[in-house]
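Q: Could you walk me through this structure, feature by feature? I would like the general idea before each case.

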Amino acid sequence: AQLSAVTRDSDGDVLNGRSVTWTSLNSAVATVSQAGLVTGMTAGTAVIRATSEGRSGEVTVTVSPPSVASLTITPDSARTSATLAVGDSLALQASPRDAQGNILPGRTVTYQSSNPAVVSVSPTTGLVRAVAAGGPVTITATSEGRTATATISTVAPFVLTQVGGQNLPAPIPNVPSLVVVSGRVILYANGRYSAPLNYQTGPFNTEGTYVRSGTQITFTDSNGQQVVGTIIGNVLTRGVFTFVQ
């Protein structure tokens with residue numbers, strides 16, 4: 001804010017050309033230049049004093065906290081879409097930002113699901129839980145009138161009872177997908193792949209990417225090695241996998 005000071009004589013007439021010195025009595029809240037330009041530093045109040053030839057005048061300025069200009073949601077993948085198996089959870093966090101993109105701590109954010117029967121969300125923490133298969137479901141985060149959204153879809157898990165034609169000692173529940181790679185069976189659960197029983201995952205590095213085309217899935221590790229498998233059940237169309245030995 002730009003302030004100005006007018007010097008006057010004892011009769012109240014304006015005295016032109018007199019020098020004025022500006023001072024902030026609380027520079028942590030607001031500073032003032034010698035031209036009278038006040039800059040807010042943080043929320044609060046500060047007294048600005050103008051002095052000329054031993055006389056002074058004061059004004060109290062109030063600095064309000066910056067308003068929320070936008071929200072950003074993490075993880076980034078959830079801004080466009082994310083897929084969860086029924087029973088899985090995902091922690092969303094919406095960060096209020098000012099007009100310059102700076103994060104504004106301490107602001108209240110609320111979360112709401114467009115279909116809580118499929119995907120529920122904690123209104124205060126942003127913890128998302130897949131309740132039933134379906135979607136996409138929109139999760140809306142709101143702070144001071146500004147909103148951001150995330151799109152969540154869910155897939156139904158199934159129970160694995162056999163591997164390679166052999167009955168398992170106990171069924172494995174809540175398996176989002178089953179993939180057969182070069183005759184070897186691997187499971188997908190919670191973003192990780194693991195080999196059940198004595199089946200091996202092959203000479204792959206531990207991380208890589210996969211791409212689905214119909215019922216075919218191609219794995220590529222960080223060295224460019226590829227294997228192709230057949231999809232049984234549900235699997236994401238694209239993502240990152242980890243083999244667990």
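A: Start with a cut-off. A residue counts as exposed when its relative accessible area is over 50%, as buried when that is under 20%, and as partly exposed in between. Keep in mind that this is a predicted model.

Q: Is glutamate 53 buried or exposed?
A: Glutamate 53 is exposed, because its relative accessible area of 61% is over 50%.

Q: How do I read a sheet, and what is the strand order in the open sheet of three strands?
A: The general idea first. Strands of a sheet pair through backbone hydrogen bonds, either parallel or antiparallel. Here the order is E1-E4-E5, and the pairing is antiparallel. Strand E1 (21–24) and strand E5 (55–63) are the edge strands, each pairing on one side only. On average, neighbouring strands of this sheet are turned by 20 degrees against each other, direction ignored.

Q: How many bridges join E1 to strand E4?
A: Four bridges join E1 to strand E4 (residues 44–52). Tryptophan 22 has alanine 50 in E4 as its bridge partner. Threonine 21 stands opposite threonine 51 in E4.

Q: And how many bridges join E4 to E5?
A: Nine, and the two strands run antiparallel. Threonine 45 stands opposite threonine 62 in E5.

Q: What is the phi of glutamate 53 in the hairpin of E4 and E5?
A: It is positive, near 50 degrees. The hairpin has two residues between the strands.

Q: How do I read salt bridges, and how many does a search of the whole structure find?
A: Side chains of opposite charge can pair when their charged atoms come close. In this model the search finds three salt bridges.

Q: Which side chain meets that of arginine 18 in a salt bridge?
A: That of glutamate 53, at 3.2 Å from N to O. Arginine 18 lies in the segment before E1 and glutamate 53 in the loop between E4 and E5, so the pair ties together parts 35 residues apart in sequence. Arginine 18 is partly exposed, with a relative accessible area of 37%.

Q: Which side chain meets that of arginine 49?
A: Glutamate 58 is the partner, at 2.5 Å from N to O. Arginine 49 is partly exposed, with a relative accessible area of 29%.

Q: Where does arginine 107 lie, and with which residue does arginine 107 form a salt bridge?
A: The partner is glutamate 144, with the closest N and O atoms 3.0 Å apart. Arginine 107 is in the loop between strand E9 (93–97) and strand E10 (110–113). Glutamate 144 is in the loop between strand E13 (134–143) and strand E14 (146–155). This pair links distant parts of the chain, 37 residues apart.

Note on methods:
Residues are numbered from 1 along each chain as its sequence is written. This is a predicted model: local features need pLDDT of at least 70, side-chain atom pairs count only at pLDDT 80 or more; totals for chains, interfaces and linings use all residues. Side-chain values use heavy atoms; hydrogens and water are left out. Two strands pair if DSSP finds at least two bridges between them. Axes are lines fitted to C-alpha atoms, for helices over the stretch in contact, and angles run from 0 to 180 degrees between N-to-C directions. A salt bridge is a side-chain nitrogen of Lys or Arg within 4 Å of a carboxyl oxygen of Asp or Glu. Buried means under 20% relative accessible area, exposed over 50%, partly exposed in between (1.4 Å probe, protein chains only).
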